[in-house]
Amino acid sequence: MAEILVAGVDSSTQSTKAVLCRAADGTVVAKASAPHPDGTECHPDHWWDALSRVRGLLERADAVAVAAQQHGMVALDGAGEPVRPALLWNDTRSAPQARALVAELGGAKAWAERTGSVPVASFTVTKLRWMAENEPENARRTERVMLPHDWLTLRLGASGPVTDRGDASGTGYWSPATGSYLPDVLRAALGRDAEPPRVAAPGENVGKTAWGAALGPGTGDNMGAALGLGLRPGDVVVSIGTSGTAFAVADEPAADPSGLVAGFADATGRFLPLVCTLNAARILSAAATMTGAALDELSLLALAAEPGAGGVTLLPYLDGERTPDRPGATGVLAGLTSANATRENVARAAVEALLCSLADAVDHLTAQGVRPRRTLLIGGGARSAAVRALAPAILGTPVTVPEPAEYVALGAARQAAWALAGTPEPPEWPAPPATEHTSDRTEPEIRERYAALRDSAPEI
Ligand SMILES: Nc1ncnc2c1ncn2[C@@H]1O[C@H](COP(=O)(O)OP(=O)(O)O)[C@@H](O)[C@H]1O
Ligand SMILES: O=C(CO)[C@@H](O)[C@H](O)COP(=O)(O)O
């Protein structure tokens, strides 16, 4: 009998990645990828084109599921056509609308209690308000609001518009605590009613592709990574992709009125408190450009410098920042002298800044009661030898680095296998091989210098 194969897709900010796996144990038998255009808005057709380029792999699967970047606003007219390009999670234009919505609907505590999160510009709800204020004709034509993964899942053959708890929890108009939509919040943002997709049960089979494969409901990319890693209580994931994220699975919903921790749901019926930064792997790309080095060379340069980068500190809020909520910020390179202005120190300052920003993110999680027993480092940025080497000292804990793999796509594939099996729980797949990284020192001075710059830099 032919072996059962399942496919998972990660339609992330920068690209589409797909893996084909054995349903029995998750062994990857093929992978493929295709790039997305750069920018903070994107017509959904670009995601479909990228997905079409990996379709040959998907067509070999008996079941498929799609995980994708969270929050993107896909506003559709009555004919199901996007009324405008999707506004992505990293688009900060709706920051004023986020502030206004928080004030209008009872303040930060009320939002955290009702939706699990205090919305910043990344959240879909704030993008709806931006469209209502700035493009009233597009808002008027909007009949349905979807997210990147829902839209792709529908086009692949879902029997109707459908999403999952994980991605719904990033909209700002769904309650992780009650599992229901908050239509009054959506209406207040958009100025009219619009239909969100039905929220499927975890592991539900939601339809069939054109080639007859079963479809899992899909989820947000961070929820996909949690499923792909088989996350357990006590595990904290630090992911360095386009975004930086720190998250953990939890049995109870989070509701942080400071807004630093988003109280998301996961893809299995549990919860996923998460901190997200706008700047992560691109801090390294920017430093590579600044130093004229390729990414691997940047890593060598950073490792050649002393800890503390000779006194050079980078505040890495290059594209504005989400945590802390400083949408208008830019980066700052501080402490330069004629003696320390070397490529090595600039490279080191970039790696240290990335890790300090993520160490702050882990601190925000622990302030909300997450008790890390293990820190897992994943994402494209974890491929940097300097990041792996410096992480234990700056995060202040041993770091486990699972072998480089597309964990979001793997999580989607595991969900596809779950939908195919129709079991109450996802199939057990073995944990990936991992390396342990430790340090005999911690770096409180580096974090202190970073914190001083973070807390004193003007938002320019
Ligand atoms: N060896 C490396 N060193 C540093 N950064 C890397 C390396 N390899 C890949 N990256 C970065 O990782 C990012 C992509 O990571 P990924 O987790 O796939 O992100 P996303 O899911 O947001 O598309 C890119 O910005 C890329 O530059
Ligand atoms: O906004 C968030 C999480 O709240 C981001 O994590 C996006 O989901 C984008 O992810 P990547 O493209 O970085 O994987």
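A residue is buried when 20 or more other C-beta atoms lie within 10 Å of its own, exposed at 12 or fewer, and partly exposed in between, with C-beta atoms placed from the backbone. In a regular strand the side chains alternate between the two faces of the sheet. The model is predicted, so local features need pLDDT of at least 70 and side-chain atom pairs count only at pLDDT 80 or more, while totals for chains, interfaces and linings use all residues. Residues are numbered from 1 along each chain as its sequence is written, and chains are lettered from A and ligands numbered from 1 in the order in which they are written.

**Strand S18 and its partner**
- S18 pairs with strand S19 (residues 271-277) in the antiparallel sense, over 4 bridges; pairing requires that DSSP finds at least two bridges between the strands.
- Helices (H or I, at least four residues) and strands (E, at least two) are DSSP runs, numbered from the N terminus.
- Opposite Phe-264 stands Leu-272 in S19.
- The two strands S18 and S19 make a hairpin with 5 residues between them, and Gly-269 in the turn has a positive phi of about 110°.

**Asp-221**
- UniProt lists Asp-221 for "active site" in an unreviewed entry; UniProt positions follow the numbering used here, feature names are shortened, and annotations may be inferred rather than shown by experiment.
- Asp-221 lies in helix H10 (residues 221-229).
- Asp-221 counts as buried because it has 30 C-beta neighbours inside 10 Å.
- Apart from neighbours within four places in sequence, Asp-221 is in contact with Asp-10, Ser-12, Ala-67, Ala-68, Gln-69, Gln-70 and Val-408, where contact means C-beta atoms, placed from the backbone, within 7 Å.

**Ligand shells**
- Ligand 1 is surrounded by 17 residues, the closest being Ser-12, Gly-241, Thr-242, Ala-281 and Gly-380; a residue is near a molecule if its C-beta atom, placed from the backbone, lies within 6 Å of it.
- Helices H11 (281-291) and H12 (295-304) each supply at least two residues of the ligand 1 shell, and H11 gives the most, with 4 residues.
- The ligand 1 shell has 3 nonpolar, 11 polar and 3 charged residues.
- Ala, Val, Leu, Ile, Met, Phe, Trp, Tyr, Cys and Pro count as nonpolar, Asp, Glu, Lys and Arg as charged, and the others, Gly among them, as polar.
- Around ligand 2 there are 16 residues, with Thr-13, Gln-70, Trp-89, Gly-241 and Ser-243 the closest; by class, this shell has 2 nonpolar, 13 polar and 1 charged residues.

**Thr-126**
- Thr-126 lies in helix H5 (residues 124-134) and counts as buried because it has 29 C-beta neighbours inside 10 Å.
- The C-alpha atoms of Thr-126 and Leu-186 are separated by 9.6 Å, although the residues are 60 apart along the chain.

**Whole protein**
- The protein has 16 helices and 24 strands.
- Its radius of gyration is 21 Å, close to the 23 Å that the globule rule gives for 460 residues, so the protein is as compact as a globular protein of that length.
- The radius of gyration is taken over C-alpha atoms, and the globule rule is 2.2 Å times the number of residues to the power 0.38.
- Of the 460 residues, 57% count as buried.

Note on methods:
Contact = placed C-beta atoms within 7 Å.
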